[in-house]
Amino acid sequence: MNSSHNPHVVLSGASGMIGSALCDSFLADGYDVTMLVRGQSSERDRNVKGSGELSRIPWQPGEALDPEVLRGAEAVICLNGATIGKLPWTRAYRRELYDSRVIPALTIAQAVRALGENAPFLACASATGYYGHIPNVQLTEHSPAGDTFLARLCVLWERAAATAGQNVGFLRTAPVLDQNGMLAPMMLLTKFGLGGPLGPGTQSWGWISLEDEVRAIRYIVERRITGPVNISGPEPATANAIGKELASQMNRPFWFPAPSFLLKAVLGADPAQSLILTDAAVHPERLLNAGFEFRHPTIPEAVAAGMV
């Protein structure tokens, strides 16, 4: 499918925050990028400086994907998934969260597997939500899955991708500290002076800057690191530490508490527990062991980068 001499990657889920930034990064460095898009999509100018070419191929998750679309690619990167930030998590939306992750992963995995020995490396999105709620434990890729809704979903997500074979990496991504990601609702509350402890505030949160997220995915892809990889900042942080740093950089107070019972009542028990109250000190052991160096290794640096 790729007639140029540039390295080539295939990307699904490229319209999201991470996917769009990753696509731009590859194009800027001279990669040709094939985006798998649902239905026909018009070309749009990304204003990218680089020699990479962007193409779009329609697909429908759940329907067979022609393996020839993937042939010759250095890697296929599957980032599909409806946002977990949309509330409430009704029964129908839980189904959408499942269908938008597991079905695309399985569809792509089957096409990759069909190429046999010539198959590209598959990097499939997952999340640090895999570990659920495990207080007071440093969590590495060897740690077991949790029992929250998101943890169970991540297990099924990775299981679907694993059907591609042995050459698969699972991108266990932490929440991205970006104004279009994890910081968006926190910035809004903080702007109006409503920043403060969420639940106890002492719960450990995984985090990552958008730039390091993109760099980490590329590092994993270019080195073909198989199995689960935690994409999370190297410095442990609590919810309070992130909230206080954001308030400090916005010159706003950090005082307005949101008790756990109120968060569960307003957001729903599962979203509150999975997104805000979960305590999971995720450590990027495999990334660090592989030699990855973070551009934003601390909360102040990552928050500052995310507000730009």
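Colleague: Is S274 buried or exposed?

Modeller: Buried, with a relative accessible area of 10%. Keep in mind this is a predicted model.

Colleague: Where does S274 sit?

Modeller: In helix 8, which covers residues 269-277.

Colleague: And what is S274 in contact with, skipping neighbours within four places in sequence?

Modeller: W89, T148, F149 and L150. F149 also turns up in helix 3, where that helix meets helix 2.

Colleague: OK, on to that pair. At what angle do helix 2 and helix 3 pack?

Modeller: About 20°, with the axes 7 Å apart. Helix 2 is residues 91-114 and helix 3 is residues 149-162. That angle makes the two helices roughly parallel, because angles under 35 degrees count that way.

Colleague: Is the crossing left-handed or right-handed?

Modeller: Right-handed.

Colleague: Which residues meet there?

Modeller: From helix 2, R94, L97, Y98, R101, V102, A105, L106 and A109. Helix 3 brings F149, L153, L156, W157, A160 and A161. By class, that contact has 12 nonpolar residues, two charged and no polar ones.

Colleague: Switching topic: which residues touch the most other members in the largest nonpolar core?

Modeller: L70, I77 and I108, out of 74 residues in that core. Helix 2 gives the most to this core, eight residues.

Colleague: What is I77 in contact with, again leaving out neighbours within four places?

Modeller: V10, L11, S12, L22, F26, A123, I217 and V221.

Colleague: How many residues are in the other core?

Modeller: 20, including I242, A272, I276 and A302, and that core lies apart from the largest one.

How values were computed:
Residues numbered from 1 in each chain as written. Predicted model: local features only at pLDDT ≥ 70, side-chain atom pairs only at ≥ 80, totals over all residues. Heavy atoms only, no water. Axes fitted to C-alpha atoms, helices over the stretch in contact; angles between N-to-C directions. Helix = DSSP H or I, 4+ residues; strand = E, 2+ residues; numbered from the N terminus. Parallel < 35°, antiparallel > 145°, perpendicular 65-115°, else oblique. Left-handed = near helix turned anticlockwise from the far one by under 90°. Contact = heavy atoms within 4.5 Å. Nonpolar A, V, L, I, M, F, W, Y, C, P; charged D, E, K, R; others polar. Core = buried A, V, L, I, M, F, W, Y, C linked by side-chain atoms within 4.5 Å. Buried < 20%, exposed > 50% of the residue type's maximum accessible area, 1.4 Å probe, protein only.
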